[in-house]
Amino acid sequence: MMSRAKVFLAYDKRMELHEDPDEETREYQFERPERLVFIYRKLMELQERLIQYHQMRTRRIGSESDRDGDDEKEKNKSASRYENHYYEYVPFIQLQCKAATRDMIELVHTPEFYKKLEATSTMTKEQLIDLPTIDCTLRDGNNDDDNAEAEIDNDMYFSKDTFVAALLAAGGVVECVNRVTDPDPDPISDGAPSNCSNSTSNRALAIVRPPGHHACQESVMGFCFFNSVVVAAKHAIHTQRASKVVILDWDIHHGNGTSDLTREDSNILYISLHRFGMSHGEKFFPGTGNYDDIGGGINPSAKGANLNIAWRSGDMGNAEYAAAMSELVLPLISAFGADLIIVSCGLDAANGDLIGDCSVYPSMYYMMTKALLETIGKQVPLVVALEGGYNLNVNAMCMEAVALALLDEEWDEDGTGGIDRGEAAVPQDRSNGLERGRALLQPFWDSSLEKNKRENVKRSAVEDINRSIRVMRNTSLWKDVDLKEIPLHVTNVARMTRSRSKKMNDTTNGKAIEASNEIVDIDLNFALQSLSI
């Protein structure tokens, strides 16, 4: 039976005003306003399909309920009752983003950094184009520092609307946290239809940009300005909405900013699954987050509160992510006992992304979200916030899959792109959330099965997961958690990495972005699959 779960949806068109002020380079940018447009449009299409589905289903139930009745008046009353009940259901409870306050931002970033970013809103176009220094300092040739080599991030751009957009992004995630943790919510939420009763939920989806997980205390980088998820996590703890928070980051890039800002806080568990290595020994951006970076350098109680599953190569797919989630991520989340979960939902590990060079399908984003929900239980609030992801159509399909999981809707088997998911095993102990979460992932990965009955898993991925298991197992924080290494014999050593990594210049970058407006990797038959409810 389909559930009628609801999900808060934070979105604000003002965040689309943040764009490259230089017309010559604008078309080549990966991080662009259309990222929000495509995702939001897809979610609104999903909402319409769900409304239509539930309308038909409710009418069918009403018809079947009254099939044996003799009184025509009673039949009409019953049909009307079912139809009115249907019209109360709207899957997404719309939230308009509120700009984060300065006090919220300064829970994470310094006052000086806030002022520097605020100053960009009054700069000229020429100043903004020349600005992309890590510390947001405008170098005008009138001070001694101008002779020093500026630390440049060529991925960054500023506009007069960047500051406000970054405040709205952080504020959108904070508003989601406020709503899902509100013990006495308003009966009607902002933006909800006037006929939408009981508009409450402990799940939320923040479609926000610019992203934030690379933003450090006093620096911008990697498309990021304010670290929205850490602002929201610190706000939740500061306002006593939560005492312990998990930040799960499945963006293909390590959230170096999130790691730096939480590594000494034993009340925040940061987990990142990301690429660390490339071919020929090079490091994948930003080059941080190796398996032995576990936090707690100053605060011993925080040692082990940063978990990095650092892939040494590309082409990690469903089986590798299912193995990491099942064997390490979900057990630690279950043991940590957080009262708030925030997902840094980067979608650039998806097959077809322009940067990530991996092959995670929409079905796996759905299953990771469902497995997380099963593990934490229905009472723990969950906020999913957009981070990276640079193929516009693929982004939209993957976020749609995440939304379906949050709404407790079933996954359409026709949308799995040819992957035979099989039947999920039923755990022996249905009261155990971790068992239920792992069971959902078993069709992709089950270490108890013989090799020929399991999805092919890269040997290097198992080695990467085992490195993280060993280092976590040796910390006092996780000494009571039964973490077992994965036997290497379960891997398929014949599987080779299919690398698409390139150092793109502006020309190839532009061509790739133009292609992302259509569909890429159609040879793998997943991007054309749409979810039909």
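Helix α5 (residues 111-119) has F113, Y114 and L117 as buried residues in this predicted model. These three span an arc of only 100° around the axis, so they lie on the same side of α5. The buried residues of α5 pack against α4 (102-105) and α7. F113 and Y114 also belong to an aromatic cluster, together with F163 and F226.

**Overall make-up**

- The secondary structure of the protein chain consists of 15 helices and eight strands.
- The chain has 533 residues, of which 58% count as buried.
- Taking contacts between residues at least 6 apart in sequence, 79% link residues at least 24 apart.

**Nonpolar core**

- The largest nonpolar core has 139 residues, and within this core L205, Y321 and Y365 touch the most other members.
- Helix α10 (residues 318-336) is the element that gives the most to this core, contributing 12 residues.
- Beyond its neighbours within four places in sequence, L205 makes contact with V7, F8, L9, A10 and L43, and also with C176, V384, M399, A403 and L406.

**Aromatic pairs**

- There are 12 aromatic pairs in the structure.
- In one of them, the ring centres of F158 and F225 are 5.3 Å apart and the planes stand at 75°, so the pair is edge-to-face.
- F158 is in the loop between α6 (125-129) and α7 (162-181), while F225 is in the loop between β3 (203-206) and α8 (228-238); the pair therefore ties together parts that are 67 residues apart in sequence.
- F158 has a relative accessibility of 1% and counts as buried.
- F225 is likewise buried, with a relative accessible area of 1%.

**Charges over rings**

- R41 places its charged end over the ring of F38, at 4.8 Å from the ring centre.
- K244 lies over the face of F336, and the distance to the ring centre is 4.2 Å.

**Cysteines**

- A disulfide is a covalent bond between the sulfur atoms of two cysteines.
- With a cut-off of 2.5 Å between sulfur atoms, the count of disulfides is zero.
- For C176, the closest cysteine sulfur is that of C97, at 7.1 Å, which is too far for a bond.
- C176 is buried, at 0% relative accessibility, and is one of the residues in contact with L205.
- For C345, the closest cysteine sulfur belongs to C398 and is 8.4 Å away, again too far for a bond.
- C345 counts as buried, with a relative accessibility of 0%.

**Helix α13**

- Helix α13 (residues 433-441) is largely enclosed by the rest of the structure, because seven of its nine residues are buried.
- The buried residues of α13 are G433, L434, R436, G437, A439, L440 and L441.
- Among the elements covering the buried residues of α13 are α10 and α11 (362-376).

Terms used. Residues numbered from 1 in each chain as written. Predicted model: local features only at pLDDT ≥ 70, side-chain atom pairs only at ≥ 80, totals over all residues. Heavy atoms only, no water. Core = buried A, V, L, I, M, F, W, Y, C linked by side-chain atoms within 4.5 Å. Buried < 20%, exposed > 50% of the residue type's maximum accessible area, 1.4 Å probe, protein only. Helix = DSSP H or I, 4+ residues; strand = E, 2+ residues; numbered from the N terminus. Contact = heavy atoms within 4.5 Å. Phe/Tyr/Trp six-rings, centres within 6.5 Å; stacked < 30°, edge-to-face > 60°. Lys NZ or Arg CZ within 6 Å of the ring centre and 35° of its normal. Arc of directions from axis to C-beta.
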